[in-house]
Amino acid sequence: MAWFSKSCLLAAASLTVMAAQSARAADDTAAASAPSAASEVEAVVVTGTRQIGRTQFTTLAPVDVLSRESIQASAAPSLAANLAQQIPSFIVQRLPTSDGLQFVRPATLRNLSPDQTLVLINGKRFHRSAFLGARGAQGPDLAQIPDFAVGRIEVLRDGASAQYGSDAIAGVINIMLDDKPGFSGFGQAGQTYEGDGTTYRLGAHGGVEIGQGGHLTGTVQWSKADATSRSRQRPDAIAFQQSSGVTVPNPVQRWGDPDLKTLQFALDAALPLGGAAEAYAFGTYSKTDGVNDINWRNPAANPAIYKPTAAFPGFDLNKIYPAGFTPREGIHGRDGQAVAGVRNRTGETFTWDLSASYGENASRFFLDNSINASLGPDSPFSFNLGRLVQRETNLNADAVWRVPVAGLATPLNVAFGAETREETYRIEAGDPASYAVGPGAAFGLAPNSNGFPGFSPQQAGSWSERSYAGYLDVAAELTDRLSLDGAARYEHFDDFGSTWNGKIAGRYEFTPNVALRASFNTGFRAPTPAQLNSTSTSQGLDTVTLQLFTSGRLSPLNPVAAFLGAKPLKPEKSQTFAGGLVWRTEMGLSGSVDAYQIEVNDRFSTSPTVTVTPAIRAQLAALGLPGASSFTSISWFTNDFDTRTRGVDVVVNYDRALGPGRLGLMGAYNYNETKVTSGSLTASQSQRRTFEESRPANNLTGSATYSVGKLQVLGRVRYYGKWTDSTGNSTGDIFQEFGAITFVDVSATWKATDRVSLRVGTENVFDTHPDEAMFQASRGLVYSRNSPYDTNGGQYYARVDVRF
């Protein structure tokens with residue numbers, strides 16, 4: 001296959017780069033060091049397998065293991081950004097000035113949708129965010145989990161819906177909280193080279209043992225990040241100042257990261273119940289408050305906001321906002337999860353786990369420095385836009401039975417279980433002024449809060465979906481060299497029916513240090529209550545007929561949408577083939593090469609906008625559909641297109657003593673190519689190109705660590721290949737290709753005492769920036785807001801770690 005040959009050539013070429021430029025720490029006695037490659041290869045993994053004792057080398061599918069030390073070695077302000085620095089196929093976009101996405105940043109694995117990666121905490125499903133992103137994606141928000149509470153992270157790079165259920169198409173991220181006794185803390189401060197984005201972070205973690213094998217640990221973490229601005233003055237702002245004589249701020253709006261404050265907690269506990277079982281509980285809580293600019297309103301170019309009308313004699317918005325205004329959008333976010341259960345993990349033949357969990361993500365949006373122009377002098381300047389809430393409840397029963405079978409090298413591992421889950425999505429209306437169509441609308445003044453209309457009572461509501469599932473997973477060591485694993489899962493959803501999914505995987509060990517592994521699985525992602533039921537509409541007033549009109553996105557279940565062709569959403573379904581080679585040596589060199597193909601059918605998107613003509617409105621009215629006469633243009637979520645993703649992952653680790661110290665090297669390369677194979681995107685070359693080329697196909701991360709005595713130095717390389725962005729104007733779509741880019745991070749850690757270590761470092765030490773976004777310059781934007789990496793430039797930081 002040509003794609004496989006091309007991928008292997010790229011992978012082979014990158015090995016030299018990785019060996020020279022990449023690394024992982026070996027000395028875990030240093031506060032910020034990472035464990036040696038050898039210890040990582042032999043680390044026992046629990047993700048993607050229900051067998052005891054599987055390691056990264058012996059597992060039947062590729063699993064990355066990130067230790068607590070490697071996670072804390074990054075200065076990234078959130079767990080999602082941290083993972084993006086260490087896993088090349090994991091990308092997090094910053095998306096400045098993009099409504100809720102600048103606060104709830106989408107994270108993708110293997111360039112699939114953010115909600116096609118399953119996230120677990122301690123092996124239990126983590127809930128989704130309440131905010132729907134591009135194409136309706138509703139994935140979990142990793143930034144809600146405090147990274148100082150994390151003991152380690154396992155990333156399964158393979159489909160696993162047959163084992164875990166919905167969403168596990170691209171893979172599974174399993175975040176395990178730190179349950180070790182002891183006390184530690186850190187303080188960190190940093191700033192960009194530009195002098196903005198000042199960030200402070202504080203964290204404390206403590207743990208004690210309870211009884212024989214029990215524990216209680218807790219974590220608190222706080223951070224404050226000031227906004228950044230990578231902007232130039234807008235040309236229309238310069239022109240307005242020159243023509244009007246009014247001085248405007250420079251720049252009139254910021255393009256960059258928001259002001260953000262977070263306070264986070266985590267708890268993990270286990271209490272032995274006699275000698276056979278234990279009760280356990282864990283949870284996380286996060287409070288987030290953020291604010292950022294959205295687009296500047298130019299008085300000379302917005303008569304629907306600024307023009308004086310007979311509706312409000314004597315009222316002139318120029319007296320309130322003479323230099324125009326830049327609305328500031330904000331979020332008050334709250335997120336929490338609680339899990340409790342009883343389990344027996346000590347039995348040699350039979351183990352079990354009964355658990356219940358509850359998770360909630362809520363985001364209240366607000367808008368300051370704005371106006372509802374149609375209300376004139378009666379309009380407030382700040383608005384509560386409403387609240388989005390996602391709630392999930394899970395009940396799980398899991399068991400493993402190890403059955404001795406004659407002729408098998410080890411007992412047959414039979415895992416089985418059941419799950420019921422309920423998801424509820426709620427939209428709460430905002431202030432009446434945020435969605436009101438005031439008297440000024442009859443004179444052409446814009447209704448709704450300007451910049452982000454609030455959620456109206458017509459949009460508000462609560463919707464639920466319940467599912468039931470059962471699974472069977474059988475693993476066998478047929479010989480001392482050959483292992484096989486087969487899983488099947490049945491799941492029934494109230495809203496769309498049932499689905500069956502399966503997985504088969506195998507591993508053959510040529511020698512004790514070289515093995516071949518392969519797998520095939522089917523997967524799915526169920527439509528959520530938000531995708532099935534929510535609407536996103538706004539109202540206006542026709543200045544000729546003086547009739548209210550409604551436009552925006554309707555639920556595909558809405559009778560008006562159904563009349564115009566909408567169908568109930570079906571699950572997205574996938575088929576994944578994967579295979580690879582894994583090796584280790586006595587000299588400290590280990591690694592793996594894995595190729596994969598993921599076909600996803602019936603992917604979600606937004607339908608083309610349908611203009612509701614007078615003739616269509618008459619038909620809708622004749623059918624007696626409520627509100628039909630007000631619609632002017634609508635769209636809806638739909639199963640829209642199919643894709644095929646092909647790629648190769650290469651991971652290399654090397655660890656050895658060198659001179660008076662120890663050297664650790666790590667490199668990871670990902671080649672990933674996604675093609676649209678059918679659906680509406682195939683009919684639009686512009687949309688197809690944007691979808692297929694909006695992420696780099698080639699990504700590489702690598703690090704090198706040298707530890708000697710009390711000193712450890714770290715160098716890390718992050719490489720992103722070329723990608724394409726686009727924007728539209730009156731003449732059509734404009735495309736711009738952005739070239740490959742490399743970022744270099746460096747740090748040095750000094751272990752001042754056995755309990756205190758000091759670290760200074762720089763991320764993006766050479767202050768590297770991507771190409772400027774030429775087609776977006778009219779808005780003052782310097783770098784593309786769709787960039788798959790940070791565009792703030794270099795930042796330096798200092799950190800103190802203490803442990804007791």
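Visitor: Which residue takes a positive phi in the hairpin of S8 and S9?

Guide: Glycine 195 does, with a positive phi near 90°, in a hairpin that has six residues between its strands. Please keep in mind that this is a predicted model.

Visitor: What makes S8 and S9 a pair of strands?

Guide: Two strands pair if DSSP finds at least two bridges between them. Strand S8 (residues 182-192) and strand S9 (residues 199-210) are joined by nine bridges and run antiparallel, so they pass that test. Glycine 185, for one, stands opposite alanine 204 in S9.

Visitor: How do you know that S9 also pairs with S10?

Guide: S9 and strand S10 (residues 214-225), which run antiparallel, share 12 bridges, and at least two are needed, so S9 and S10 pair. Valine 208 has leucine 216 in S10 as its bridge partner. In this hairpin three residues sit between the strands, and glycine 211 takes a positive phi near 60°.

Visitor: Why is glutamine 736 called buried?

Guide: Buried means under 20% relative accessible area. Glutamine 736 has 13%, so the word applies. This residue lies in strand S31 (residues 732-738).

Visitor: What makes the approach of glutamate 772 to glutamine 736 a polar contact?

Guide: The cut-off for such a pair of N or O atoms is 3.5 Å. The backbone oxygen of glutamate 772 is 2.7 Å from a polar atom of the glutamine 736 side chain, and the backbone nitrogen of methionine 774 is 3.0 Å from a polar atom of that side chain. Both distances fall within the cut-off. Beyond four places in sequence, the residues that glutamine 736 touches include Trp723, Asp771 and Phe775.

Visitor: Which residues touch the most other members of the largest nonpolar core?

Guide: Among its 35 residues, these are Leu83, Phe90, Leu142, Ile153, Ile173 and Ile175. Helix H4 (residues 79-86) gives the most to this core, with four residues. Isoleucine 173 is in contact with residues including Leu83, Phe90, Leu142 and Ile153, leaving aside neighbours within four places in sequence. A second, separate core has 27 residues, among them Ile331, Leu385, Phe455 and Trp463.

Note on methods: Residues numbered from 1 in each chain as written. Predicted model: local features only at pLDDT ≥ 70, side-chain atom pairs only at ≥ 80, totals over all residues. Heavy atoms only, no water. Core = buried A, V, L, I, M, F, W, Y, C linked by side-chain atoms within 4.5 Å. Buried < 20%, exposed > 50% of the residue type's maximum accessible area, 1.4 Å probe, protein only. Contact = heavy atoms within 4.5 Å. Polar contact = N/O pair within 3.5 Å; in protein donor to acceptor, adjacent residues only side chain to side chain.
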